[in-house]
Every structure is written in structure tokens, then in C-alpha cells.
Amino acid sequence: MAQDLGPYEVTGEEQAHGYLHVYRVRSPAGAGRLYWFEVKNPEARAAFFRFRKALKALSGLGALPPGVEISAKPGRYYVFWPELVAPSALPAKGRRVVREVGRIVAALAPLGYALPDADLRLTEEGVCVAALDPLAEHDEAEAERLGGRFLKALPHTRSRVRRPWQAWVPGLVALVVGFMLLGFGVDRYLNPPEYVLPDLRGQDPRGALEAVRDMGLKVVFVEASNPEEPRDVILEQNPPPGTRVKPGRKLELTLNRPKTGTVPDLTDLPAGEALRKLEESGYVPAAGAEGPSDLPEGRVLATAPPAEAPLPQGASVRVLTSAGTPPQRTVLPDLTGLSLDDARYLLSVADLRLGDVQEVPSPEPEGTVLSQSPPAGVALDVGSPVTVTVATRGEVLLPENATFAPPPPETTPEAPTPTDAPENPPVELGPGERIVPIRVPLPQGTGGPVHVRLVVEDEAGRRVPIDTYAPGGTTLEGSVKVKGTARFQLFLDEFLYQQWTSQAP
């Protein structure tokens, strides 16, 4: 049994008899005795309500001590009786005390309780009942016999007289009605009606009991915790809605009683252990997050809600874990103009490493760094790779079967002169194909190599027969095989320098 029953803290158990448990408890109002009824059958229900009726009768006489609390809620049938410190009222002395005891005996006798079942104490206000045995049961005659001395002291005590025969008429009528009801009951027992269970989910216990009151079902309440639903509503029912049932069938209703706890402290725990501890505490791990920290990777930094925060059990808790120490950063130096070995050394000094090395034709000394990626001045993680482009021996890329003639000593820029009479050695030509000579004078004073790119577009498609670097002031000569009308575009350092068209013959 749990150590706490509602607002009462159990300090010991005095009696356990079937459906009744008697505990010694403490509450904010003080110590006392708690009569706890497990009302799961008609016998327990009848005993509890007989006991409650007796307490109401005593309360009407002013014979109950202050602080008696009665609860008849589903699943919480109990009576709290505060501890009463006063001398015993028995043996009674004085006419006033004898009469008060007589009134108490007269009130309890019709309900099956007799004088020995009550602990009577004498207080300044009069005779008070300090305890009453809930399981005691006597017929009225025995109860009157046990308390006869006190009943005789009551004023207006009626003596027994012989009743005339007319007095038996009500009894006979009641007997006839009883037989009729018995016959009706037997018929109902042999041919019980059927009912269709309504949907009780979402209702409060009072409404649910009212909905099935006339079905004769044995309603049992069980508790569950769902923080997302209101307190004291029906979460589930068994049998489910729509089931056809007969009187006497058990109906189990799950009542929502969310349990409130506190978020456990998971700081510095490994993620797996933290999640297990969270589930053991009755909470659901939600999607978490990571953040840089000096703690080892995977260790818990914090939770949301934070540790020790009150939270209904079953709610979600997010966990923030460590992503490890943040990487150190360094600044990428300018590598252009250095040799490849010097660039590699400078990168090692900056805690970086050399990545891909791309070579392009250039008039610069072979191995000179022409460009880098990322550019200089960018902050990078320590150990990041850096791609560099270095110069290699320059060469002119020609199309298949094309040649470059040596440039004349002095030339001036001129427009391309297309012609259909190639001076190169004859090559095999397909239908509609021909050789177009190319002569490209490059401008002087460029201050470095020029990126030359020739784009040709004809019936065979689009292509780039020349893509190279060449010194300014030189002339590139060669020939290109084309088909049909061809359109030429010459790009110097990615700018359109000239364009022309060679018409098909």
C-alpha cells in the first residue's frame, strides 16, 4: 500500500479486513484514524454507506468531534476521524450524561450499531463519539438490549402495546408487493435485458455513472496518468463503446490522474544513460540538440525544462548534449607568387594543409602559385585543405590536324581573314566539311600572359578548339575543321575580343 493516501500520511495500519483498512495517519489538521473502504462489490458499498449514514446521524446530535471528513468519490471512499483526547464517558454518571448516551444509542440502533461498538468520551461540550466500528452489525432488538439502561432514561419512551388487526394491513400489502417484485426480479434474472454501452471517454466520473446507472453494471475505476488530458476525465473504457452488455457485467473506466514529479538532474551524464534515467522518472525524451562545450562529446549539458522543475509525468523533456570542443580557427595567408614548396611550408605554419594542386599553362616560372581557393584572408578550421593553381610549361592547344605557323617578326592586329584554301597538309573531310585557317594577333602591353579561348559553333555543334595562355603581342596561327556555316568567337581573358562568320560555299 502506498505511504500516502490523498492528503494523509500513513504512519501505521491498525486493521485490515477484506475491503476495510484502518490506518493511523497524519494530516495538516493533526493525527487521527483513517477508515479506507475498497468499494468493489455490493457488500463493501452497503457497509460504507451504512457507516456514513450513522456518522450523519451522530453529526445531527452534535456527537462527532470536529474535523471528521467523509469522502464518497469513486475510488476514494474513506472516513477520517481525528484523534480525541478526553476521558471515557462510561460508566455514565449524572442524568444528563445518561440521556446523551441514550440518544446516541437510539440513533445508532436502527443502523445496526450497538453501545459496545462506539468509543464514547466526555468533553466540555458533552458526550462525543471518539470511534465507531464500521464492521459491527446487530439487529435492532439486540442493539436495544445492549443499550437498554440508557434508552429507558430517555423521555417519552413508548411502551409496547398490542396492535389491533388493522395494524397488520400495511404489512400484508407490503408482503403482496414483495412477492410481485420477487416475480419481476426472477423474470429479470432469467431474461436479463441488453444495453449498448455509450462512449464515456472524456466524461467526468459523475456523468459516466449517471449514463450507465440503469444498466446494473459493476463499475470499477482504475487510474492512469496522461498530462495532455484534463484531470478526472475518463481516458478509456472496457468494454469499448457500442458493446452490448447485460446487467452485472463489469465495466472498467480509466480515470486520468496525472502524476506530478520533478525533472531529474542529468548534467554530465552520457546521452544513453540520461535517456534511460529520464524514462525511469516517467518522462518522454523529446528531440534534442547539440552545442559546443568543454565536456566530452555526448555528455548532457542541460534539459528543457531544467532540472528539479515540477512537471507532470508523461510530459516531454528536451536534452542538450555536448558536441565537443569547438574547432580552432586560423587565417589563410596569401600564397600567390610563391613556389609550391614555399606555399606548402607557409600553410603548415598556419596549421593548414595543401589540398588539390591544379596545373595550367602559364609564362610564369613552373610551379609558381597563380591562385588559391579559398582566397587569402578567410578564416578556416585548423587542418583544412587549400586548393592551389600553379603554373606549368605553356603550350598551345590545337584541334585535330591543325597547326600553328610561327608568327612574323612584326604584325599589327587585324581582323580574321577566313578563306577556303587551307595551306596545311590535306586531311580527310566528310560531306560539307572544310578547313578554315585561323590567324589571331594578340594585343601588346598586357603585362602578362593572355588567356586565349576560341569558340566555334557550326552544324557539328559548339566546341572550344583553342583554350590556352600566350604572351601578349604574339600571333597565333592554325586551322580548324568546320561543317557548313561556322561562327567564331575569340575571348581574351574571358572578354569577347573578336567574332566573325565563315559562310558555307
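This is a predicted model: local features need pLDDT of at least 70, side-chain atom pairs count only at pLDDT 80 or more; totals for chains, interfaces and linings use all residues.
## Two helices side by side

Let's begin with a helix pair. Two packed helices are described by the angle between their axes and the distance between the axes. Here the partners are helix H1, made of residues 42–61, and helix H2, made of residues 95–108. Their axes come within 9 Å and cross at roughly 150°. Because angles over 145 degrees count as roughly antiparallel, H1 is described as roughly antiparallel to H2. The crossing of H1 past H2 is right-handed.

Which residues make the contact? On the H1 side you will find Ala54, Ala57, Leu58 and Leu61, while H2 contributes Arg103, Ile104, Ala107 and Leu108.

## Aromatic rings that link up

Now look for the ring-bearing side chains. How many aromatic pairs does a search of the whole structure find? The total is 13. One of them joins phenylalanine 48 and tyrosine 77 in an edge-to-face arrangement, with 5.2 Å from centre to centre and 80° between the planes. Phenylalanine 48 belongs to helix H1 and tyrosine 77 to strand E6 (residues 76–82), so this pair links distant parts of the chain, 29 residues apart. Are phenylalanine 48 and tyrosine 77 buried or exposed? Both are buried.

Phenylalanine 51 and tryptophan 81 form another pair, this one tilted, with 6.4 Å between the centres and 40° between the planes. Phenylalanine 51 sits in helix H1 and tryptophan 81 in strand E6, so the pair ties together parts that are 30 residues apart in sequence. Phenylalanine 51 and tryptophan 81 are buried too. Ring pairs also join these residues into a cluster, whose members are Tyr19, Tyr35, Phe37, Phe48, Phe49, Phe51, Tyr77 and Trp81.

## A buried alanine

What does alanine 391 touch, leaving out residues up to four places away in sequence? The list is Val360, Ser362, Glu364, Pro365, Glu366, Gly367, Thr368 and Leu370. As for valine 369, its C-alpha atom is 6.5 Å from that of alanine 391, although the two residues are 22 apart along the chain.

Let's finish with the backbone. Most residues other than glycine have a negative phi, and most peptide bonds are trans. Where are the cis peptide bonds described here? One joins leucine 90 and proline 91, with omega about 0°, and proline 91 lies in the loop between E6 and H2. Another joins asparagine 238 and proline 239, with omega about 5°. Proline 239 is in the loop between strand E11 (234–238) and strand E12 (244–245).

Two aspartates have a positive phi. For aspartate 232, phi is near 60°, and this residue is in the loop between strand E10 (218–224) and E11. Aspartate 232 has a relative accessible area of 28%, which means that it is partly exposed. Aspartate 351 also has a phi near 60°. Its place is the loop between helix H8 (340–349) and strand E21 (353–361). With 42% relative accessibility, aspartate 351 is likewise partly exposed.

How values were computed
Residues are numbered from 1 along each chain as its sequence is written. Side-chain values use heavy atoms; hydrogens and water are left out. Axes are lines fitted to C-alpha atoms, for helices over the stretch in contact, and angles run from 0 to 180 degrees between N-to-C directions. Helices (H or I, at least four residues) and strands (E, at least two) are DSSP runs, numbered from the N terminus. Angles under 35 degrees count as roughly parallel, over 145 as roughly antiparallel, 65 to 115 as roughly perpendicular and the rest as oblique. A crossing is left-handed if the near helix is turned anticlockwise from the far one by less than a right angle, and right-handed if clockwise. Contact means heavy atoms within 4.5 Å. Rings of Phe, Tyr and Trp (its six-membered ring) pair if their centres lie within 6.5 Å; planes under 30 degrees apart count as stacked, over 60 as edge-to-face and the rest as tilted. Buried means under 20% relative accessible area, exposed over 50%, partly exposed in between (1.4 Å probe, protein chains only).
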